[in-house]
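Dear colleague,

Please find below the structure that I am handing over to you. My notes on it follow directly after.

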Amino acid sequence: MIISINKKSIRVEVNASTLIIYEDRFKGRRLLQDISELTGIDDVASIPFALTTKLLWSAAKTADTNIPDFYEWTKQYEIADVIGCGLQIIQLYVRDIETVKKPTAAVRAVRLFQRFRFWLTRQNAG
């Protein structure tokens, strides 16, 4: 899948190696546990930006092992740009792990990002 951020195309992919990349880079973090964090959020303002960024980087690193380290890579993007592609990233992960997690939890995560995207659009318009 290709995601566009700041007019840059980023190839992303989620598979078994994504879990290893994520947990290896973010010591002490567990990918499935972090994704399940999103399902418990009811307030759009509570969406953890860092988590969205980590998920995006891990999917990009899976697709292209030559991308820079997490902190160097994130310097090239604005916060709103990363948040704006959050829904696509979550959907990508949900598709891959749907059989591992309950579909209802996956659906809640996608709906949360849809609400957040709507909220962000309204904020930028006003």
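Which pattern does the protein follow when read along the sequence? The protein follows β-β-α-α-α-α-α-α-α, and its secondary structure comes to seven helices and two strands. Here helices (H or I, at least four residues) and strands (E, at least two) are DSSP runs, numbered from the N terminus.

Two remarks on the source apply throughout. This is a predicted model, in which local features need pLDDT of at least 70 and side-chain atom pairs count only at pLDDT 80 or more, while totals for chains, interfaces and linings use all residues. Residues are numbered from 1 along each chain as its sequence is written, and side-chain values use heavy atoms, with hydrogens and water left out.

Overall figures

Of the 126 residues in the protein, 41% are buried (under 20% relative accessible area, with exposed over 50% and partly exposed in between; 1.4 Å probe, protein chains only). The protein exposes about 7300 Å², and carbon and sulfur atoms supply 51% of that area (Shrake-Rupley method with a 1.4 Å probe; for residues, only the protein chains shown count as cover). Among contacts (heavy atoms within 4.5 Å) with a separation of 6 or more, 69% are accounted for by residues 24 or more positions apart.

Helices α1 and α3

Two packed helices are described by the angle between their axes and the distance between the axes. For helix α1 (residues 16–25) and helix α3 (residues 49–63), the axes come within 9 Å and cross at roughly 125 degrees. Axes are lines fitted to C-alpha atoms, for helices over the stretch in contact, and angles run from 0 to 180 degrees between N-to-C directions. The two helices are therefore oblique to each other; angles under 35 degrees count as roughly parallel, over 145 as roughly antiparallel, 65 to 115 as roughly perpendicular and the rest as oblique.

On the α1 side, S17, T18, I21, Y22 and R25 meet L51, K54, L55, W57, S58, A59, K61 and T62 of α3. The residues of this contact divide into six nonpolar, four polar and three charged (Ala, Val, Leu, Ile, Met, Phe, Trp, Tyr, Cys and Pro count as nonpolar, Asp, Glu, Lys and Arg as charged, and the others, Gly among them, as polar).

Two residues of this contact

T18, in helix α1, counts as buried because its relative accessibility is 0%. Leaving aside residues up to four places away in sequence, T18 touches E13, L31, S58, A59, T62 and Y93.

K54 lies in helix α3 and, with the same exclusion, touches Y22, F26 and F70. The C-alpha atoms of K54 and F70, 16 residues apart along the chain, are separated by 7.8 Å.

With kind regards
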